[in-house]
Amino acid sequence: MTAQYDASARDPGPAPGPAPATTANARSTLRLALAVGALGVVFGDIGTSPIYALQTLFNPADPHPVPINDANVFGLISLIFWSMMIIVTIFYVMLAMRADNDGEGGIMALITLIRRHKDGRGRRAGIILAALGIFGAALFLGDSMITPAISVLSAVEGLKVVNPSLEVWVIPITAVIIVGLFGFQRKGTAHIGRLFGPIMILWFLALAVLGIGGIGHHPDILKALSPTYAVGFLFGHFHIAFFALAAVVLTFTGAEALYADMGHFGRKAITSGWIFLVFPALLLNYMGQGALILEDPEATSGPFFLLAPEWGRIPLLVLATAATVIASQAVITGAYSVASQASKLGYLPRLRIAHTSELQIGQIYVPWINWLLMVSVLTLVFAFRSSASLAYAYGMAVIGTITIVTLLFFYVARTQWHAPRWLVFSGGGLLLAFNLLFLAANSTKLIHGAWLPLVIGITAFTIMVTWQRGRQIVTAERGRREGPLREFLAKMRAGEPKVAQVPGTAVFLNRGLETAPLALRANMERNHVRHAQIVILSVETEPVPRVPAAERVVVDDLGFAYDGIIHVTARFGYMESADVPGALRAVKAKQSEGRALKLRDATYFLSTIQLRCGPEKTMALWRKRLFITTSHMTADAAEHFKLPRERTVIMGAQIEV
């Protein structure tokens, strides 16, 4: 019978807990910190849309401009209000954010939920929807590249308002700000939120004050809260309203970031921030701008800045510049979450992920994604050179992702939450039709720039599905070559193959208890030696910041005592470095078959796979090459596990894909 030894068996008893008042104060402080952090990170994108949304809607240079009259202004303001109410408040805040994967949100969380339950009659539908979800995640990554470029550009372009001669400095200053923004990411979401949060609070208060001032000059604009104006504009002037929807999307860009950033700050902090501050401030400002346009149609050239008195426009420009730079943060942190979850699901290689908070497991920094985004954003800035050139590309990625999220969410609601069929088909159908109307309107802008997010999305989608397929091929072949661990050990104990025993300790890192490490098999079959002590080690990351030292390791003698072979499971919290040598020092002599592990001169073996294109028709040749190229993203295992380089041996096999 297999014996297992768990260091956590030595229970020291319950630790004394903090006083109730102290606990309550700590929780209140945490909630406040998360709320302020969410304001500084999550709402930047959607919170800066009043700067350009109405100006874009009434832009005379637009291929389909909206004529300026009272009916159209009332209709558009009403349509903006109800679009934010339906898509952001009802769908994302009240519904979608309840569908989380261990606290993580976003489209990848929905894909995970679907993959867990894709059995029976719904298997094919689940596979199709998961693939569609991956494309939606790819579109969001495209949005993560476009948003910082257009946000920072639009902010710095305000220099031309102050002094037209400063226009030549727009691109260089934009590039410097972008490099600084991405360079600061390693500080962590919490630090960034604390820095940006107070600025965004001031920003939203300014939005509200400006809006109230505008409404005071034309209070009739409050009538636009009635849905009759939105419905009348949409169906009574469809030839105008349809094309206007492509710009109305700009008012809720950043909605998906609310959901994707849920792991960073939690649902409650985001929900309270939206309902009690962000949504009211945005609504007041849009209505104030609408009132100003009713009062003075010429104000469509810049209704946001014209809401402010002349003496306040330069301070407002400075604040708007800071806010639009901050707007980039929402999609940057969302991209980290998407990439992290994609890696866990097998759609991207193992990435180095740094957890930056002991309080929120979702607050992460992904260096590879960070620098990829920075290079991509800089490329877009130097290629397009103005926010106006990027404007038409903005909406397609947003509404494409939102439409796919809607479809996935209602599938989860029906298959896993068992929501009534009539409710899913009626409510989900209406919401999906509403989104498809926006999607159709944005498709009319393809030749004007909407092609960009589609190209980025298709490229990212191709990389992810190719990696997932290639990983399946390699994993199957690797499992076949490794063979069952216990079967291999049984043959070894029976003298097959014949090997010489050498003194010392060998540590073989492995994926688990099921298969034999390739390095162990290669060492015995090719070198014909085994060490006196053999440790097969697996690493697990727990969903807690830190694992107590007494619970660090679990030891299994694999069914035979005193044969010198044990399996160790090393457990780490998400805030801890996976220090394998340090974890092995926690293995006691009684756990390692009565002999203390000799770690001073221990040799660490890593099993590795060298990939090459093979003749088998598993994938197209270009996909095989793409898979092999993508494999170079994988984080270095020796560095990740803190192994001593001079005593680390890499052995393995060559596998053809």
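Q: What makes a stretch count as a helix or a strand here, and how many of each are there?
A: A helix is a DSSP run of at least four residues in H or I, and a strand is a run of at least two in E. In this predicted model, that comes to 25 helices and nine strands.

Q: Why is W451 called partly exposed?
A: Buried means under 20% relative accessible area and exposed means over 50%. W451 has 41%, which lies in between, so it is partly exposed.

Q: How do you know that the span of helix 20 is close to what is expected?
A: Helix 20, residues 451-482, is where W451 is found. Its 32 residues reach 46 Å from first C-alpha to last, and 46 Å is also expected at 1.5 Å a residue. After helix 20 comes G483, with a positive phi near 75°.

Q: What makes a group of residues a nonpolar core, and which is the largest?
A: Its members are buried nonpolar residues joined through side-chain atoms within 4.5 Å. The largest such core has 153 residues, and F43, M108 and W203 have the most contacts inside it. Helix 6 gives the most to this core, with 15 residues. A second, separate core has 24 residues, including L509 and V555.

Q: How much of the protein counts as buried?
A: Of its 657 residues, 54% do.

Definitions and conventions. Residues are numbered from 1 along each chain as its sequence is written. This is a predicted model: local features need pLDDT of at least 70, side-chain atom pairs count only at pLDDT 80 or more; totals for chains, interfaces and linings use all residues. Side-chain values use heavy atoms; hydrogens and water are left out. Buried means under 20% relative accessible area, exposed over 50%, partly exposed in between (1.4 Å probe, protein chains only). The expected span of a helix is 1.5 Å times one less than its number of residues.
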